[in-house]
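I opened this entry to record what I looked up in the structure shown here. The notes follow the order in which I consulted it.

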Amino acid sequence: MKVAAAIVALSIAPSLLGQAWIAPRGETSVSLTFQRTEFQGHFYFDSSKVPHGGSHSRSLALGIEHSLTDRLAISASIPFVGSENGIEPQPVLGRSGIDDGNYHSTWQDFRFGARYNLFNGPVVVTPSLSLRIPSHRYPTIGEAAVGPRLRETTLGADVGKVFSPAGLDFYADGAVSYSWVQKFAGIGMNRSNEDLDVGYFASPKLNLRAVLSWQQSYGGITADRIFSPAGPPVRNPNISDVLWVNHDRLLRDDYFRAGLGATMSIADRAAVYATAMKMVSGTNSHYGYLYAIGVSRTFNGAHVGRAPSL
């Protein structure tokens with residue numbers, strides 16, 4: 001199926017496109033992705049917008065995926081992240097730490113994954129298992145923290161299908177996952193995620209996409225528990241010091257995000273890609289936007305041990 005083959009060829013940007021499809025045995029893809037995130041404030045527990053806790057981050061992530069067979073692929077990645085808090089005087093909400101208005105940069109978390117193509121017919125079904133492991137003891141207190149520094153295990157599945165109405169080439173890829181997250185201070189942070197990726201091949205080398213993303217958390221603490229009834233930025237006098245200083249990594253983060261993207265083949269086995277996402281709604285979450293751009297390169301199994309030219 002030529003469209004499915006094109007999806008694989010343009011799916012070498014990790015977590016950006018067509019994760020139901022697996023590349024042929026022996027193929028390896030390498031990607032480098034730059035992402036900029038602009039958090040302009042928070043969604044409160046009732047979904048209202050609160051212009052406190054703005055922050056900026058930028059990251060550069062290296063990702064590698066290798067197909068052990070035509071059905072099984074393994075992957076690994078790690079981002080280097082720099083973050084600073086934004087709008088408010090420092091430190092944010094009276095807390096000390098890294099919220100000093102400067103960028104703080106470090107390696108974040110290792111990510112290891114495996115995908116197995118269970119069904120490869122008109123409908124493609126591919127379960128996945130992934131692990132997220134902090135690379136070191138980086139700071140976690142403050143808006144400028146680069147991550148929560150909590151271990152995660154995620155079990156998921158992608159379902160994909162190609163459509164060709166009136167000779168046009170479309171695909172849809174839906175993903176569901178559940179993550180078991182390491183507890184902190186006795187508080188669980190498990191969550192589920194659902195994503196929908198609908199793509200159109202404007203040409204054999206150009207894919208245009210629309211992306212929807214949901215997250216539901218089943219633990220954590222809500223904003224009304226963190227702040228006083230008067231609302232942010234006044235602290236709730238009943239919250240413990242441990243939960244107060246760590247509330248950024250413990251938020252019960254629920255959100256809906258939507259975006260657009262494109263992937264273009266620029267040479268034999270090489271592609272560039274871009275995605276922009278807006279944080280549309282949520283509770284105990286951030287609002288703002290993000291964008292990602294990157295480049296990917298695939299290496300055929302026959303070329304292992306030597307660098308093929310573009």
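The entries below go from the whole chain to single residues.

**Basis.** I worked from a predicted model, in which local features need pLDDT of at least 70 and side-chain atom pairs count only at pLDDT 80 or more, while totals for chains, interfaces and linings use all residues. Residues are numbered from 1 along each chain as its sequence is written, and side-chain values use heavy atoms, with hydrogens and water left out.

**Overall.** I found four helices and 15 strands in the protein. Helices (H or I, at least four residues) and strands (E, at least two) are DSSP runs, numbered from the N terminus. Of the 310 residues, 48% are buried; buried means under 20% relative accessible area, exposed over 50%, and partly exposed in between (1.4 Å probe, protein chains only). The protein exposes about 14,600 Å², and carbon and sulfur atoms supply 63% of that area. Accessible areas come from the Shrake-Rupley method with a 1.4 Å probe; for residues, only the protein chains shown count as cover. I also looked up contacts, meaning heavy atoms within 4.5 Å. Among those between residues at least 6 apart in sequence, 62% join residues at least 24 apart.

**Strand pairing.** I counted two strands as paired if DSSP finds at least two bridges between them. S10 (residues 170-181) and S11 (residues 191-203) run antiparallel and are joined by 10 bridges, with Tyr 178 opposite Ser 192 of S11. S11 also pairs with S12 (residues 206-217), again in the antiparallel sense, over 12 bridges. Here Val 198 stands opposite Ala 210 in S12, and a hairpin of two residues joins S11 to S12.

**Nonpolar cores.** A nonpolar core is a set of buried Ala, Val, Leu, Ile, Met, Phe, Trp, Tyr and Cys residues joined through side-chain atoms within 4.5 Å. The largest has 15 residues, and those touching the most other members are Ile 221, Ile 226, Phe 227, Ile 239, Leu 243 and Leu 250. Helix H2 (223-226) and helix H3 (241-245) each supply at least two residues of this core. Another core, of six residues, lies apart from it and includes Trp 21 and Phe 201.

**Salt bridges.** I took a salt bridge as a side-chain nitrogen of Lys or Arg within 4 Å of a carboxyl oxygen of Asp or Glu; the count comes to seven. Arg 115 forms one with Glu 65, the closest N and O atoms being 2.7 Å apart. Arg 115 lies in strand S6 (residues 109-116) and Glu 65 in strand S3, so the pair ties together parts that are 50 residues apart in sequence. Both Arg 115 and Glu 65 are buried. In a further bridge, Arg 132 meets Asp 109 at 2.6 Å between the closest N and O atoms. Asp 109 is buried, with a relative accessible area of 0%, and Arg 132 is buried at 16%.

**Strand S3.** Is Ser 55 buried or exposed? Ser 55, in strand S3, is buried because its relative accessible area is 4%. Its contacts beyond four places in sequence include Thr 37, Glu 84 and Glu 143. Leu 60 also has its place in S3, but is partly exposed, with a relative accessible area of 40%. Leu 60 belongs to a nonpolar surface patch of about 630 Å², whose members include Leu 62, Ile 64 and Met 264. Patches are made of residues with over 30% relative accessible area and no salt bridge; like charges are joined within 9 Å, and nonpolar side chains (Val, Leu, Ile, Met, Phe, Trp, Tyr) within 5 Å. S3 gives the most to the nonpolar patch, with three residues.
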